[in-house]
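Hello,

Here is the structure I promised to pass on to you. Have a look at it first, and then read my notes below.

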Amino acid sequence: MAPAGRAVRGTTTDRTRRSSLATRDNRTGREYEFPIEDGAVRALDLRQIKTNETDFGLLSYDPAFQNTAACRSAITFIDGDAGILRYRGYPIEELAERKTYLEVAYLLIYGRLPGKAELAEWLHNVTYHTMVHENVKKFMDGFHHDAHPMGMVVSTLAALSTFYPEAKEIRNEEFRQRQIHRLVGKMPTIAAFAYRHSVGMAYIYPDNDLSYTANFLAMMYRPSWTARYSPDPTLAKALDTLFVLHADHEQNCSTSTMRMVGSSLADPYVSSAAAAAALYGPLHGGANEQVVRMLQEIGSKDKVPALIRQVKSGKRKLMGFGHRVYKNFDPRAQIIKQIAESVFAVTGRNRLIDVALALEKAALSDDYFIKRRLYPNVDFYSGIIYQAMGFPMDIFPVLFAIPRMSGWLAHWQEMLTDPEQKIARPRQVYIGRGERHVPTKSTETE
Ligand code: ACO
């Protein structure tokens, strides 16, 4: 390929030329020029580059989609180098400080902060749908007593598809909005039921007089013999802020899955079940659980250097460190560090925080991490807070899935209403055998 600077070299002031990519195919000597729009060339343009008429055309090879934009999106903006995260243009720091999770969910899904009347209607709609069908309860009862709560959430989300067949009509605006209300409303209920099932406790129905997170905490922890339960407001607020921070993160693995599955026009229940499955993995939503396990294993500050040595020798990863996009700092991690102190003021200090702080200090001053631009990500501190709040470790990915539902739905809706989108179907570079033939009786050697 010709040097990348070729299109802009020289004295041309022509606007089109400056926003285009000129390239030469050294196999044929032919030159091409492609428009650059919003910092991107269209991958399909590359197909014009052929060695002959029967050639399929040039593909871009991008395992793990490290440099491929699959959509145009107006939802979330990230500048990984500058540590900037904005939802619909609003800085995450301002949203975390001034807005509730449900206001932020509305913002993500509908593109603007709700006015008073819109907010009242949205809260009504979400709250109205917090209950689950009694058969959903029975369905969840069928899980083995030690089933992982995230496995239960993934399966139950998919099962909801069978309760609401109208959800298949994804082009029907009224039906689509109803499924959005149901999914945002039911997530805390399903999550809490999964937890109660895993500890053998009776399910607690939603209390619609409580806020979104206070209701969730009540469904998690209310003793079944009491009629009301008021969670500590500081903890409910801390959880609400954590939900704001986790609500969206543009084209991450689970959101891309939501878009991918949704692109076949599958209903939002099975699509979000697939997204939740992607979130379950230890490299994504499962990381905060792994962080706490790692910190417990380290146990005390004096063991930190040994762990760092193991990481540097390639024996293991430092969980909660590193990010595909953030290469200086993760703004969410900084906010979470502050939330930790407010939570500890209520729950008492989680001793793992001291190990985490020592680990962060050691890593941030070590060449291995500096060179690779590895910093604490959102999951480094969230698990410690969840643990202080009494959440068992295997519910951590579920705590991530509850708020991420609004991000998934925002992207799902954006994908459905984008005229450029169609069923997602990547290409491959085939590296297998050429044509060969199954032996017939006469050519068989054995
Ligand atoms: N510990 C030690 N080394 C690491 C870590 C880590 N946590 N993360 C990356 N590296 C190293 C890699 O080994 C690689 O080193 P090399 O150049 O010598 O081969 C280099 O840093 C670049 O790493 P990549 O794997 O190319 O980074 P990538 O962008 O593919 O991965 C990821 C990002 C998956 C988040 C990775 O940093 C990781 O596995 N972190 C730990 C898991 C984690 O915390 N996940 C949560 C992410 S945030 C979220 O999902 C909400």
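This is a predicted model: local features need pLDDT of at least 70, side-chain atom pairs count only at pLDDT 80 or more; totals for chains, interfaces and linings use all residues.

**A buried aspartate and some salt bridges**

D248 is buried (under 20% relative accessible area, where exposed means over 50% and partly exposed in between, with a 1.4 Å probe and protein chains only).

Residues are numbered from 1 along each chain as its sequence is written, and side-chain values use heavy atoms, with hydrogens and water left out.

So what does the side chain of D248 make a polar contact with? One partner is the side chain of T76, at 2.6 Å, and another is the side chain of H411, at 3.0 Å. A polar contact is a pair of N or O atoms within 3.5 Å; within protein, one must be able to donate a hydrogen and the other to accept it, and residues adjacent in sequence count only if both atoms are side-chain atoms. You can find D248 in the loop between α9 (233-246) and α10 (253-262). Helices here are DSSP runs (H or I, at least four residues), as are strands (E, at least two), numbered from the N terminus.

How many salt bridges does the structure hold? There are 24. Here are some to look up:

- D267 and K168 meet through their side chains at 3.9 Å, N to O. D267 sits in the loop between α10 and α11 (268-280) and K168 in the loop between α6 (149-163) and α7 (173-198), so the pair ties together parts that are 99 residues apart in sequence. D267 is buried at 4% relative accessible area, whereas K168 is exposed at 51%.
- K137 pairs with E134, with the closest N and O atoms 3.0 Å apart. Both lie in helix α5 (residues 134-141), 3 residues apart, about one turn of the helix.
- D354 pairs with R349, with 2.9 Å between the closest N and O atoms. D354 is partly exposed at 28%, and R349 is partly exposed at 45%.

Enjoy exploring!

Notes. Lys and Arg count as positive and Asp and Glu as negative; His and the chain ends are not counted. A salt bridge is a side-chain nitrogen of Lys or Arg within 4 Å of a carboxyl oxygen of Asp or Glu.
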